[in-house]
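Here are a few notes from my pass through this one. Have the viewer open while you read.

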Amino acid sequence: MSIRARMSVSARNSRSTHNSRSTHNSPKHRGRSSRRRLVAAVSGIAAAVSLGAFGIVTHQATATPAAPAAKEQVGPPQKTFAAATAYALAHPAAVPTGANDWACRPSAEHPKPVVLVHGTFENRYMNWAGLAPKLKDAGYCVYAPNYGGKEGQLLQGIGDMADSAGQLSAFVDKVREQTGSSRVDLVGHSQGGMMPRHYIKNLGGAAKVDKLVALAPNNHGTSLSGLATLAKAIPGAEDLTGAACPACTQQMTGSDFVTALNEGGETDPAVDYSVLATRTDWVVTPYTSSYLAKAPNVTQSKLQDHCPLDLTEHLGLSYHQTATRFVLNALDPAHAQKLTC
């Protein structure tokens, strides 16, 4: 099935005008034509991104800011991953609205800061331009790092995941220092829902993390076809595969990283885990790879348990209203609301 056929309804709508120009009747040919036109439209930017992967820095951003008070460009809220990606092409170092307010102090109602962890080939803005402002409006102190990529690079989350977990650890310590909170809650998408488990298991994160809420995480790895499909769906990502993306091979089913991560137990009793998968995931394949082993501190379901006919896929999940409610419920179970479509 073509990528376009598997994209969420919102992502398909955002490209409907573009796709209507195709003069071919074959669905397969239309999907390939759409990708060719997308690549042509962003070829110049994608080339710059590829160069950035090898050390050409044109913007200023860090995975773990040296000074929390440093000014960061704030991008507007977005309703879809496609819209956020379009904005990030021109503003790769943007921070989503509501995130990285270093003057924020947690309230009694929401005493733990929330750290948002993006996925592979994504960055903090692409992933969280929809959820971050909603969490901020709900009263949370919200933070979002870029990790696993060079400063100013559009596509992040490609570096060695053990190193990325170290970057996350440093960022969490900075958040804890600035807010005065002993523990944080993590919300992650894809790799961002799985990689923090390395931090929790091996880098002392169990003493600093209260909850890990994961949207479409690849907890048991994914197929090569899933990673290849993800690379094709994000402008410039195909240029960063292979040697330039250690995280790609580490996320494959049966990799040494995945095997070591799951050995000796998949969860820590000090942390509460919540997982939301989607049956129509074309990146984490099979989608059941998202699920953790059953445990008293693990809550998990799939989007279609609540919205049976919903076709939202991997990239669209972090912008889905049901997923947003899932996150809010997991962060504050005392005030949980029924998940609806």
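The points below go through one glutamine and then the nonpolar cores.

1. Keep in mind that this is a predicted model. I started at Q251, which sits in the loop that links helix 13 (246-250) to helix 14 (256-262).

2. Is Q251 buried or exposed? At a relative accessible area of 1%, Q251 counts as buried, because the cut-off for that is under 20%.

3. What surrounds Q251? Leaving out residues up to four places away in sequence, Q251 touches T120, M161, Q191, M194, N218, G221, T222 and V258. Take Q191 from that list: 60 residues separate it from Q251 in sequence, yet the C-alpha to C-alpha distance is 7.9 Å.

4. Now the largest nonpolar core, which has 32 residues. V115, Y143, L168, L186, Y199 and I200 have the most contacts inside it. Strand 3 (114-117), helix 9 (161-179), strand 5 (184-189), helix 11 (196-202), strand 6 (209-215), helix 14 and strand 7 (272-277) each give at least two residues to this core. Helix 9 provides the largest share, with six residues.

5. Setting aside neighbours within four places in sequence, L186 is in contact with V115, L168, V172, P196, Y199, V209, K211, L212 and V213.

Technical notes:
Residues are numbered from 1 along each chain as its sequence is written. This is a predicted model: local features need pLDDT of at least 70, side-chain atom pairs count only at pLDDT 80 or more; totals for chains, interfaces and linings use all residues. Side-chain values use heavy atoms; hydrogens and water are left out. Helices (H or I, at least four residues) and strands (E, at least two) are DSSP runs, numbered from the N terminus. Buried means under 20% relative accessible area, exposed over 50%, partly exposed in between (1.4 Å probe, protein chains only). Contact means heavy atoms within 4.5 Å. A nonpolar core is a set of buried Ala, Val, Leu, Ile, Met, Phe, Trp, Tyr and Cys residues joined through side-chain atoms within 4.5 Å.
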